[in-house]
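Could you look over this one with me? My notes are below, in the order in which I'd read them.

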Amino acid sequence: QVQLVESGGGLVQAGGSLRLSCAASGRTFSYAMGWFRQAPGKEREFVATILWSGGSPYYADSVKGRFTISRDNAKNTVYLQMNSLKPEDTAVYYCVAKTSRTGSVVSGQYDYWGRGTQVTVSS
């Protein structure tokens with residue numbers, strides 16, 4: 001019903017920036033969307049979420065002030081602008097969608113997941 005494809009990952013030096021994109025195919029009207037990440041050997045962790053309207057962006061404490069989530073519903077795309085990157089940001093980043101208007105920090109409450117894009121930050 002819905003497919004999510006992430007892009008924009010890569011290798012950057014500490015202090016650099018990347019912008020991740022998530023292109024959605026299928027209906028995402030009214031869906032909250034967001035990003036999770038997972039490093040090897042670590043649990044999946046919440047990064048950010050946003051409502052369908054673009055309102056109520058919410059961030060994990062570890063990325064507040066550095067990352068910005070946004071969406072363009074006309075393009076059916078969600079973005080994650082990542083600035084001041086740190087080595088601890090290294091992970092696979094996953095785009096997610098939830099079939100409701102409200103977001104969540106709980107991974108199990110999201111209905112659709114992309115395959116992920118690798119972000120590596122070197123020191």
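The points go from the overall build to single residues.

1. Ground rules. This is a predicted model, in which local features need pLDDT of at least 70 and side-chain atom pairs count only at pLDDT 80 or more, while totals for chains, interfaces and linings use all residues. Residues are numbered from 1 along each chain as its sequence is written, and side-chain values use heavy atoms, with hydrogens and water left out.

2. The build. You'll find eleven strands and zero helices here. For these labels, helices (H or I, at least four residues) and strands (E, at least two) are DSSP runs, numbered from the N terminus. Read from the N terminus, the order is β-β-β-β-β-β-β-β-β-β-β. The radius of gyration is 13 Å, close to the 14 Å from the globule rule for 123 residues, so the protein is as compact as a globular protein of that length. That radius is taken over C-alpha atoms, and the rule is 2.2 Å times the number of residues to the power 0.38. Along the principal axes, the C-alpha atoms fill a box of roughly 40 × 30 × 25 Å.

3. How much of the protein is buried? Buried residues make up 42% of the 123. The cut-offs for relative accessible area are under 20% for buried, over 50% for exposed, and in between for partly exposed (1.4 Å probe, protein chains only). The accessible surface comes to about 6300 Å², and carbon and sulfur atoms hold 47% of it. Those areas come from the Shrake-Rupley method with a 1.4 Å probe, and for residues only the protein chains shown count as cover.

4. A contact means heavy atoms within 4.5 Å. Of the contacts with a separation of 6 or more, 59% are between residues 24 or more positions apart. There are 13 positive and 8 negative charges, and their mean positions are 6 Å apart. Lys and Arg count as positive and Asp and Glu as negative, with His and the chain ends not counted; each charge is placed at NZ of Lys, CZ of Arg, CG of Asp or CD of Glu.

5. Ring pairs. A search of the whole structure turns up six aromatic pairs. Rings of Phe, Tyr and Trp (its six-membered ring) pair if their centres lie within 6.5 Å; planes under 30 degrees apart are stacked, over 60 edge-to-face, and the rest tilted. Take Phe-29 and Trp-52: their ring centres are 4.7 Å apart and their planes sit at 70°, so the pair is edge-to-face. Phe-29 is in the loop between strand S3 (18–25) and strand S4 (32–38), and Trp-52 in the loop between strand S5 (45–50) and strand S6 (58–59), so the pair ties together parts 23 residues apart in sequence. Phe-29 is partly exposed at 36%, and Trp-52 is partly exposed at 26%.

6. Another pair to check. The rings of Phe-36 and Phe-46 have centres 5.7 Å apart and planes at 75°, so this pair is edge-to-face. Phe-36 is in strand S4 and Phe-46 in strand S5, ten residues apart, and the pair links distant parts of the chain. Phe-36 is buried, with a relative accessibility of 1%, and Phe-46 is buried at 10%. Ring pairs join Phe-36 and Phe-46 with Tyr-58, Tyr-94, Tyr-110 and Trp-113 in a cluster.

7. Backbone angles. Most residues other than glycine have a negative phi. Asn-76 is not a glycine, yet has a positive phi of about 55°; look for Asn-76 in the loop between strand S7 (67–72) and strand S8 (77–82). Ser-84, also not a glycine, has a positive phi of about 50°. Ser-84 is in the loop between S8 and strand S9 (91–98) and is partly exposed at 40%.

8. Gly-16. Which residues does Gly-16 touch, leaving out those up to four places away in sequence? They are Met-82, Asn-83, Ser-84 and Leu-85. Gly-16 itself is in the loop between strand S2 (10–13) and S3. Its C-alpha atom is 8.3 Å from that of Val-121, 105 residues away along the chain.

9. Ser-123 is in the segment after strand S11 (117–122) and is exposed, at 94% relative accessibility. Not counting residues up to four places away in sequence, Ser-123 touches Ala-14 and Pro-87.
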